[in-house]
Amino acid sequence: MHASEPDDSESSRDAADATTATDAGLEPPTESALETARRQLYRAADHLDLDPNVVERLRHPESVHEVTVPVERDDGSVVVYTGYRAQHDSVRGPYKGGLRYHPDVTRDECVGLSMWMTWKCAVMDLPFGGAKGGVAVNPKDLSRDEKERLTRRFTQEIRTSVGPTKDIPAPDMGTDPQTMAWFMDAYSMQEGETIPGVVTGKPPIVGGSKGRDTAPGRSVAIIARETIDYLGWDIEDTTVAVQGFGSVGAPAARLLESAGANVVAVSDVNGAIYDPDGLDTHAIPTHESEPEAVMKYDAPETLSNEELLELDVDVLIPAAVGNVLTAENANDVRANLIVEGANGPTTSAADAVFERRGIPVVPDILANAGGVTVSYFEWLQDINRRAWSLERVHDELESEMLRAWNVVRDEYESRDVLWRDAAYIVALKRIAAAHDARGLWP
Ligand SMILES: NC(=O)C1=CN([C@@H]2O[C@H](COP(=O)(O)OP(=O)(O)OC[C@H]3O[C@@H](n4cnc5c(N)ncnc54)[C@H](OP(=O)(O)O)[C@@H]3O)[C@@H](O)[C@H]2O)C=CC1
Ligand SMILES: O=C(O)CCC(=O)C(=O)O
């Protein structure tokens, strides 16, 4: 039976998902990451003759760990934060995915993000499943010492659920190589030996890979460049707007500028700077070097983040937070191509608008997959106790991204589907085959 044919299990699936106004036929301003991820799964499954039991399995995480994390503030008071680690699917290998420190972190968000990690690792053909975790906290409210205590305690709370062959966290929004170094140290102290492979995205001095810090942005730039070329555009005549100037947005903007594109706008949490003649993105401080510094940079015009999304540019790269392209603004987007740098920046309702308007959306699970790909390189380096040169990381990332882009493009052309569906089809075929080979039910 075709996975999405209406039947009893379909009805019960819809009923199980009907937790929102959208499912009740109303149109809320946004959807949760989990709702978006599930809708994308059902839509892609429609194109494949998938065992419905596999789809039923994949719409649920294998497990979600929720922990409380008491942290002593510098003034001696104690705040108890909530942390999560959602482990979606491990059929292709250990769970893999980032840790996020952000006030909006919820259980459902982690589950949705963990599903995207499963597909992302499968699109790239990495021997990993998908996970995501985080703590509901604003890291900008914490001192460095408080962040260290939070990380060490969170590590302690989820320690038995992670490990180099079990679940390997990495950086995401609000976390960085230092966070990973603390995580690795806290885990290793408990284990009684140094275990670098428990996390990736560490500083190179403690087993991190060179090039991991800029890898997600590098892959966004590679995929944008390939798509620009595929569309028959000249990169030298291409204008680009990038929302977010962190680990993903900054390298993406800089590499596209270096490749000849005209990057006319970039933003941080406070708003955007705009120069129709092109910004010198290498001169603008990144989130890593100085958070909230973009708006301080001298530029001819400033805009809101909402205005950046509606700029008349060739390529829009949302590379900050999720759910920024919605039913509310999709009709006002003037870009001719969207390349997703952030995870889940486009709701399903916005996707439908872009499909109707013929605006291609190259999905997150392909475009920003350079981060987890170099994480895989790091994991290999840790296991083999042998560091790769930066040049080797760049070369291997370039060839892995091109390999994945070609496979997705083949599905896009042969099935005449959206780019997102094509990437999902590549991923789901591999995951379903692995489920089939291992046996879904005992
Ligand atoms: N880090 C990674 O390895 C990967 C991250 N991703 C995804 O990319 C996205 C960005 O992550 P990452 O670059 O790591 O995050 P960072 O924390 O490094 O940077 C985030 C950037 O977005 C800005 N920002 C934060 N909130 C908003 C907002 N509400 N509106 C506009 N801009 C905002 C920040 O501004 P300010 O400096 O002012 O705080 C900063 O410039 C996330 O969706 C993440 O899941 C995807 C693949 C890998
Ligand atoms: O490097 C990793 O393991 C995961 C990166 C990540 O969280 C992501 O790609 O969204």
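**Ligand 2**

I began with the shell around ligand 2, which divides into two nonpolar, eight polar and three charged residues. For these classes, Ala, Val, Leu, Ile, Met, Phe, Trp, Tyr, Cys and Pro count as nonpolar, Asp, Glu, Lys and Arg as charged, and the others, Gly among them, as polar. The model is predicted, so local features need pLDDT of at least 70 and side-chain atom pairs count only at pLDDT 80 or more, while totals for chains, interfaces and linings use all residues. Residues are numbered from 1 along each chain as its sequence is written, and chains are lettered from A and ligands numbered from 1 in the order in which they are written.

I then looked up who stands around ligand 2. It is surrounded by 13 residues, and the closest are G98, A170, G371, V372 and S375. A residue counts as near a molecule or strand if its C-beta atom, placed from the backbone, lies within 6 Å of it. Helices (H or I, at least four residues) and strands (E, at least two) are DSSP runs, numbered from the N terminus.

**Ligand 1**

Next came ligand 1. I found 30 residues around it, and G244, G246, D268, A320 and G371 come nearest. G371 is also among the closest residues of ligand 2. By class, the shell around ligand 1 has 11 nonpolar, 16 polar and three charged residues.

Why does ligand 1 lie between domain 1 and domain 2? Both domain 1 (63-195) and domain 2 (215-362) give residues to its shell, so ligand 1 lies between them.

**The two domains**

I checked where the bounds come from: an automatic or database domain assignment. It gives domain 1 as 63-195 and domain 2 as 215-362. Their centres, taken over C-alpha atoms, are 27 Å apart. Six residues from domain 1 and five residues from domain 2 make the contact. Two residues are in contact if their C-beta atoms, placed from the backbone, lie within 7 Å. On the domain 1 side, helix α4 (residues 107-123) gives the largest share, three residues. That side has three nonpolar, one polar and two charged residues.

**K132**

I looked for an annotation and found one. An unreviewed UniProt entry marks K132 as "active site". UniProt positions are given in the numbering used here, feature names are shortened, and annotations may be inferred rather than shown by experiment. K132 sits in strand β4 (residues 129-136).

Is K132 buried or exposed? K132 is buried, because 32 other C-beta atoms lie within 10 Å. The cut-offs are 20 or more other C-beta atoms within 10 Å of its own for buried, 12 or fewer for exposed, and partly exposed in between, with C-beta atoms placed from the backbone. Leaving aside neighbours within four places in sequence, K132 is in contact with A86, G97, G98, C110, L113, S114 and M117. G98 is also listed among the closest residues of ligand 2.

**I273**

I moved to I273, in strand β8 (residues 271-274). I273 is buried, with 23 other C-beta atoms within 10 Å. Not counting residues up to four places away in sequence, I273 touches A265, V266, L279, V294, M295, Y297, A299 and T302. I also took a distance to P164, 109 residues apart from I273 along the chain: their C-alpha atoms are separated by 42 Å.

Helix α13 (residues 390-415) has 26 residues. From first C-alpha to last, α13 reaches 37 Å, close to the 38 Å expected at 1.5 Å a residue. The expected span is 1.5 Å times one less than the number of residues. Its buried residues are V393, L397, E400, M401, A404, W405, V407, V408 and Y412. Their cover includes α4, α7 (215-230), α11 (364-367), α12 and α14. Just after α13, D416 has a positive phi of about 55°.

In α10 (residues 348-357), the buried residues are A349, A350, D351 and F354. Among what covers them are β11 (337-339), β12 (361-362) and α14 (419-438). G358 follows α10, with a positive phi near 70°.

**Positive phi in loops**

E292 is in the loop between β8 and β9 (301-303). With 14 C-beta neighbours inside 10 Å, E292 counts as partly exposed.

N323 also has a positive phi of about 60° and is not a glycine. N323 lies in the loop between β10 (315-318) and β11. N323 is buried, with 20 other C-beta atoms within 10 Å.
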